[in-house]
Amino acid sequence: MSQDDCIFCKIVADEIPSRTVFEDDEVIAFLDANPLAEGHTLVIPKDHYETLDEVPEETAARVFGVLHKLNTVVQDAVDADGANVAFNDGEAAGQEVPHVHGHVIPRFDGDDGHPIHAVAGERPNLSDEELDKIAGAIHDNS
Ligand code: 5GP
Ligand code: ZN
């Protein structure tokens with residue numbers, strides 16, 4: 001499955017160049033063209049899915065397996081001290097390219113970056129009842 005106007009589908013099809021660092025039948029990983037840090041790498045399913053909810057569970061597991069492996073390999077390659085591994089899932093979360101991709105962003109002691117806690121807006125002040133309701137709604141559909 002591919003989409004004609006999708007830049008990441010074009011990378012999968014080798015229609016535009018990328019610095020590919022891993023490829024198998026279902027997943028491909030390449031360096032981010034505008035890296036937030038040395039070694040910033042993207043891992044994507046080869047098939048076109050816009051958001052994570054569209055990705056079949058088996059494919060999601062393959063993508064995570066590659067993220068897991070590359071997280072170590074990428075950090076070693078650039079001598080990083082850690083990494084943020086994350087998906088921007090949907091426009092509200094800042095997703096710019098509408099083809100699911102996981103980021104491995106190497107982090108370095110004292111790099112002046114921020115933790116994943118810094119990505120959301122103001123923290124909500126939730127009552128116990130509200131927390132119970134949210135937990136219940138998630139639990140009932142898991
Ligand atoms: P998003 O905000 O959608 O999670 O991140 C999209 C990422 O894709 C950005 O970090 C951006 O630098 C990267 N990107 C956008 N276009 C290209 C491209 O053509 N090639 C590569 N390698 N990365 C790209
Ligand atoms: Zn695509």
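**Exercise 1.** In what order do the five strands of the open sheet stand?

*Solution.* Keep in mind that we're working with a predicted model. Start at one side and walk across: the order is β1-β2-β3-β5-β4, with antiparallel pairing. Next, check the ends. β1 (20-23) and β4 (82-86) are the edge strands, and each has a single partner, so one side of each has no neighbour in the sheet. Finally, look along the sheet: from one strand to the next, the twist averages 15 degrees.

**Exercise 2.** Work out how strand β3 and strand β5 pair.

*Solution.* Find residues 41-45 for β3 and residues 102-107 for β5. The two strands pair in the antiparallel sense, over three bridges. Now zoom in on threonine 41: opposite it stands valine 104 in β5.

**Exercise 3.** Which strands does helix α2 lie across, and at what angle does it run to β3?

*Solution.* Pick out residues 57-78, which make up α2. This helix lies across β1, β2 (27-31), β3, β4 and β5. Its direction is at about 165 degrees to β3.

**Exercise 4.** Find the residues of the largest nonpolar core, then say which element gives the most to it.

*Solution.* The top contributor is α2, with five residues. Apart from this core lies another, of eight residues, including Phe8, Ile28, Leu42 and Ile44.

**Exercise 5.** What does valine 43 touch, leaving aside its neighbours within four places in sequence?

*Solution.* Valine 43 is in contact with Val27, Ile28, Ala29, Val63, Val66, Leu67, Leu70, Val100, His101 and Gly102.

Note on methods
Residues numbered from 1 in each chain as written. Chains lettered and ligands numbered in written order. Predicted model: local features only at pLDDT ≥ 70, side-chain atom pairs only at ≥ 80, totals over all residues. Heavy atoms only, no water. Pairing = 2+ DSSP bridges. Helix = DSSP H or I, 4+ residues; strand = E, 2+ residues; numbered from the N terminus. Axes fitted to C-alpha atoms, helices over the stretch in contact; angles between N-to-C directions. Contact = heavy atoms within 4.5 Å. Core = buried A, V, L, I, M, F, W, Y, C linked by side-chain atoms within 4.5 Å. Buried < 20%, exposed > 50% of the residue type's maximum accessible area, 1.4 Å probe, protein only.
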